[in-house]
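Dear colleague,

Please find below the structure that I am handing over to you, followed by an account of what was found in it.

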Amino acid sequence: MAALTDLDRQLLSALREDGRASVASLARKLGVARATVNSRLERLVSSGTIVGFTARVRDEVDPLAIRAIALIAVEGRSADKVIRQLRGLPEIWALHTTNGGWDLVAELRTESLSDFDQVLGRIRGIDGIVNSETSLLLSSVLR
């Protein structure tokens, strides 16, 4: 991936605020031409910086969703391989590298406890994962 420019960062920030913003409104907000916004978006998508577009749903709308944080320890130099496999799990909403006793932090979301149990089994079965600890998220008091 190429290094992000200030304009790239501003564009990503604007998209985080409103992922449905039109190219024209993004161009106005950033003070650049629509063609510039289009080319930056194409480059950010093709480079893998933007990995997709999605709708975020309020937690209250789906109060029965099971949400959790999984702390994951990875064996030796297998982190890249483990990350590639974890990225393929639709129940993982975010994945972060970290320092300290754990190598990765995954944010999980499932529709039921049985789905949650199954995804934990799939995570723990990935070659290179040597340990994990998972905590259910009960309520969000600040977002």
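Helix axes are lines fitted to C-alpha atoms over the stretch in contact, and the angles between their N-to-C directions run from 0 to 180 degrees. Please note that the model is predicted.

On that basis, the axes of helix α1 (residues 6-17) and helix α3 (residues 34-46) cross at roughly 85 degrees and come within 11 Å. Since angles of 65 to 115 degrees count as roughly perpendicular, α1 and α3 are therefore roughly perpendicular to each other. From α1, Leu7, Asp8, Leu11, Leu12 and Leu15 meet a set of α3 residues that includes Val37, Leu41 and Leu44. This contact of α1 with α3 comprises seven nonpolar, one polar and three charged residues.

Helix α2 (residues 23-30) also packs with α3, at an angle of about 105 degrees and with the axes 8 Å apart. That makes α2 roughly perpendicular to α3. Here Val23, Ala24, Leu26 and Ala27 in α2 meet Arg34, Val37, Asn38 and Leu41 in α3. By class, the residues of the contact of α2 with α3 are six nonpolar, one polar and one charged.

Beyond its neighbours within four places in sequence, Ile72 is in contact with residues including Leu86, Trp102, Ala106, Ile123 and Ile129.

Yours sincerely

Terms used
Residues numbered from 1 in each chain as written. Predicted model: local features only at pLDDT ≥ 70, side-chain atom pairs only at ≥ 80, totals over all residues. Heavy atoms only, no water. Contact = heavy atoms within 4.5 Å. Helix = DSSP H or I, 4+ residues; strand = E, 2+ residues; numbered from the N terminus. Parallel < 35°, antiparallel > 145°, perpendicular 65-115°, else oblique. Nonpolar A, V, L, I, M, F, W, Y, C, P; charged D, E, K, R; others polar.
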